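Welcome, and take a moment to turn the model around before reading on. The paragraphs below lead you through it step by step.

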Amino acid sequence: MTHWHHDHVGGMPYILRMLEKLRAQDPRVPKPRIHKFAEKKTDSTFFDRVADVNPEAYEPYSESVGLEAVLWPLRDIQTITVSDPEDTNLTSSVRAVFTPGHAADHASLLLEEDNILMTGDNVLGRGSTVFEDLVMYLRSLQRSLALMSIRRPTLPGIYGTPLAGNAGENVLYPGHGPVVPKGRDTLRRYIKHRLEREEQILALLLGTPGDKTFSTEAMAFPEKILASYQHTKQPRHPWTLHQLIEVLYADYDTKMYPAVANGLFMHLKKLSRTLEELPNAPFYIADPLPTTPWTKEGRLVRCTRLPSFQYTTESIPDAARNEQEWWELMSVPWVLAV
Ligand SMILES: [Zn+2]
């Protein structure tokens, strides 16, 4: 499983039942194992999906009961190899790569012989995706790009089962939508899209909420606006998340605002911290975190009033936990700090 979201684990009971039927017809069909990266907060939701499935339908991980019996916890960059029972030279290896951000337990799967990456929900076949944690998400996109940039020759002595020969290399298989043929370009585009959003937010914060002409200019040419304002001391006007959404998601119905607020809120939080204050990736990555050139100025954004529901003593607002809190969080003012 790439991650715990309902649209990914929801079909699991049906697949297990289907495999059980196949096994009844052909005893050579092995019992499936359910692999996933373990994650404390969401694993119970994941377990709810398989709790009612006949335990005979899968190979248990341990003798205990509950989640520990079902889930084979993945280790980062663990390789799972399967061979064709009739020709053991035919081997396929899947490497599980920890790529959190869209969800905290998110895995991408690298088909080693083909150099094809199954991206789960980190990259989609069309449109763009959402994320729970922007910094981890950017790190995971970088990691995916680094993986796709290493051309792996097929291991000696193994024929492999290439899906499309060398043409398969650099292809992403997303969890939703069509196959993405230009994998590396798409990963770079996803990173660039987030940085463009960051620049649009900064450019908007240089203007006044409600100034439509300025907002249109800031959306279309954020770099130009930022360059011209960089060293001037213009008055800074506070903007609420609600006002930013009105510009950045102008064609969205107000009802959708809490749903889109999280992504923008993550951007504002990232911009409220210096690069050193941002969390490290839980895996090695050679490249620095992708940021706009303005980030070297330090803290770029400041929140001037915390929401009443604040759970921690931080000077940056905590994420809302329900819709009512989102509406409050959307009314909190943010201002450029540089
Ligand atoms: Zn998802």
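**A walk through the chain**

Val301 stands opposite Leu336 in strand E10. Before going further, please note that this is a predicted model, in which local features need pLDDT of at least 70, side-chain atom pairs count only at pLDDT 80 or more, and totals for chains, interfaces and linings use all residues. Residues are numbered from 1 along each chain as its sequence is written, and side-chain values use heavy atoms, with hydrogens and water left out.

Let us stay with those strands. E9 and E10 (residues 333-336) run antiparallel and are joined by three bridges; two strands count as paired if DSSP finds at least two bridges between them. In general, strands of a sheet pair through backbone hydrogen bonds, either parallel or antiparallel. Here the open sheet has three strands in the order E8-E10-E9, with antiparallel pairing. Strand E8 (239-240) and strand E9 (301-303) are at the edges with a single partner strand each, so one side of each has no neighbour in the sheet.

Stepping back, the chain has eleven helices and ten strands, where helices (H or I, at least four residues) and strands (E, at least two) are DSSP runs numbered from the N terminus. Its C-alpha atoms fill a box of roughly 75 × 45 × 35 Å, taken along the principal axes. Of the 338 residues, 47% count as buried (under 20% relative accessible area; exposed is over 50% and partly exposed in between, with a 1.4 Å probe and protein chains only).

Now look at helix H3 (residues 43-50), where Asp43, Phe46 and Val50 are buried. Seen down the axis of H3, its buried residues fall within an arc of 60 degrees, so they line one face of the helix; the arc is that of the directions from the helix axis to the C-beta atoms. Their cover includes helix H1 (6-9), helix H2 (12-25) and strand E1 (34-36).

Which residues touch Arg194, leaving aside its neighbours within four places in sequence? Arg194, in helix H6 (residues 183-205), is in contact with Phe131, Leu134, Tyr137, Leu138 and His267, contact meaning heavy atoms within 4.5 Å. Arg194 is buried yet has no salt bridge, and the nearest side chain of opposite charge, Glu198, is 7.4 Å away. A salt bridge needs a side-chain nitrogen of Lys or Arg within 4 Å of a carboxyl oxygen of Asp or Glu; Lys and Arg count as positive and Asp and Glu as negative, while His and the chain ends are not counted.
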